[in-house]
Amino acid sequence: MKKFQLTTTMTPKGDQIKSIAQLTKNIEHGVKSQVLLGATGTGKTFTIANVIANNQQNTLVMVHNKTLAAQLYSEFKELFKNNRVEYFVSYFDFYQPEAYIPRSDTYIEKSAMANQEIEMLRLSTINSLATGEPTIVVASVAAIYTSVAPSDFEMYRIVLSKNTTRNLKQLQYDLVRLQYQRNNIDLKPGSFRLKGDVLEIAPGYTDMFTIRVSFFGDIIEEIAIIDVLTNNVKEKWDTYVVVPASEYIMNKDRWKESMNLIKQELKMRTTEFKKQHKLLEAQRLKERTLHDIESLEELGYCNGIENYSRHLELRAVGSTPYTLFDYFQANNWLMVVDESHMTIPQIRGMYNTDRSRKETLVNYGFRLPSALDNRPLNFDEFQKKIDKIIYVSATPNEWEINHSNHTVIEQIVRPTGLVDPQIEIHSAKYQVDDLVVELQKQIEKKERTFVTVLTIKMAENLTDYLKKQKFKVMYMHNELKTLERAKIINDLRRGKYDVIVGINLLREGLDVPEVSLVVIFDADKPGFFRSDKALIQTFGRAARNVNGRVILYADNKTSAMQTAIDETNRRREIQLAYNRQNQIIPKTIVKPIFDDITSKDDAKVVEAYFRSNKVDFKKQTKAISILRKEMLQAAKNQEYERAAFLRDTIINLEVKNK
């Protein structure tokens, strides 16, 4: 079986050496829980990558937001080029959950905007784990939400082998059972078509290739992987396993029993409402549920189908739902919780938030009580799923330290010799005017800046003001789509922006060595975002640049500010002592700018042409040729999302040529 193999010329340095050795040794000796207290910029990701390579266990790296997940995904893909590195986050760019507000008698219907690219990446994750390949999964806290049962996913697979007999009609029926749709015109992911004795299947997890199965009668004559753009054969396989087209599949074998259970619960619940003289709730529940049952029986689907998951999976009342965790082998995998001081509290709180909203829907007759079992894991269930865990943070909470029996490995020294930033306190009275002066200095040095403020209104107003002052500025807010956030960070690194303004998006895990200045407005205001841990994390954004500075705008020095400044100075002294001992002259980190998971910057070569209808045909043809080479290279490197965008750009340009 293929093993995890680091594909980098870098070697451990500084505190990384002892951290890797100790973490690895603890895992080998059966230590279940430990903490890596790693200062910002000390190479925690590289340390964890070495631990993965040493222990050779499937690993789930869990983080608290999608921006950090995208960054870690890119870094692990670079460190493990020959292994499966997967990306598993919520596939919604926008999600408004179903809710009811009794006070105003307002019902809010579920509204969501799914991202097909992320759906494919999620399916690819499950497929990698289900097929037993060594896999690293970078996931957000979406991993604690319900997913398809492993037994169902493994049951609903089709194994195609060359020179074996397959009834073509039955094979089509089997594909439909796996959620594939027949489409003879547009073969998009999750569909198939039949032309004579040739069956073409488009897997649900990619739009870069299709599977062409050629028959001679009922005998499979050839299995070929076809490039969707060139229609050329990329590979020929003797055996190919067709996995479900969707992450969520329906086991038709238990369909009748599931429908009966829903009907029985409906009858019991409406009877209960009537006994309580809640006739409106009883009528509402009856109408809504019967409508859903009718849709399920006729179409195999209904809006809010996830609320019936307990019955559809024949699970017991209150039982733990299936999640991504169930795809990892028990006692043989590792979990890494990055930025644990943020991720763990988020995991802890998600169950109660979800439960509170759904209890209101159940109590007022909008949903059956079984809807409560469509939920994220509670914290006890989360802990029971874990085999071995490493909590990673520059500022771990007491809970992580206590839970690990104080098994804390410190990684303070940076191999680069970079020292924690110098802290300056400026008066808040003229903070905006002072910021303008500081930004002008930054631009002269060709260095970037992060500015963090406390409110959305302040962020918007400051961004507008800086734009009027001719600064290249971007406001990074929580309404941006998942993949756009990572793109903004890369644009800052490339120089498209000089400064990014944000609220709480600029704290953990944003590794941008071009940023030498972090500015914190209203640093003396009380609250979570100005706590000592939050301030230390924010300071760390400037710790990857040799000129790193932090400006705190405040008129009073709070205890949180003092604690953060003292800890930063302690770490500075440790690093300076190491530098003197080893005669190290600090240098700014040189870090490649990875391709965005989906990046429109790949089309820069044609961007100028694309904006105008007055396009020179020869230039456009040359651009298409260049893009096609880049697309084929991206596909060869398994950078399927980038290749897909390049393909779409080529098609648009070719249409313009006609």
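In which hand does α1 pass α2 in their crossing? It turns out to be a right-handed crossing, meaning that the near helix is turned clockwise from the far one by less than a right angle. The model is a predicted one, where local features need pLDDT of at least 70 and side-chain atom pairs pLDDT 80 or more, while totals for chains, interfaces and linings use all residues. Residues are numbered from 1 along each chain as its sequence is written, and side-chain values use heavy atoms, leaving out hydrogens and water.

Helix α1 (residues 15-28) packs on helix α2 (residues 44-55) at about 40°, with the axes 9 Å apart. Contacts (heavy atoms within 4.5 Å) bring residues of α1, including I20 and L23, up against residues of α2, F46 and V51 among them.

Then there are the salt bridges, 33 in the structure, each a side-chain nitrogen of Lys or Arg within 4 Å of a carboxyl oxygen of Asp or Glu. One of them pairs E438 with R549 at 2.9 Å, N to O. E438 sits in helix α13 (residues 431-444) and R549 in strand β25 (residues 549-553), 111 residues apart. E438 is buried at 5% relative accessible area, and R549 is buried too, at 15%; buried means under 20%, exposed over 50%, and partly exposed in between, using a 1.4 Å probe and protein chains only.

Another bridge joins R367 and D292, with the closest N and O atoms 3.3 Å apart, and both residues are buried. By contrast, E297 and K263 pair at 3.2 Å, with E297 partly exposed at 41% and K263 partly exposed at 37%.

Note on methods: Axes are lines fitted to C-alpha atoms, for helices over the stretch in contact, and angles run from 0 to 180 degrees between N-to-C directions. Helices (H or I, at least four residues) and strands (E, at least two) are DSSP runs, numbered from the N terminus.
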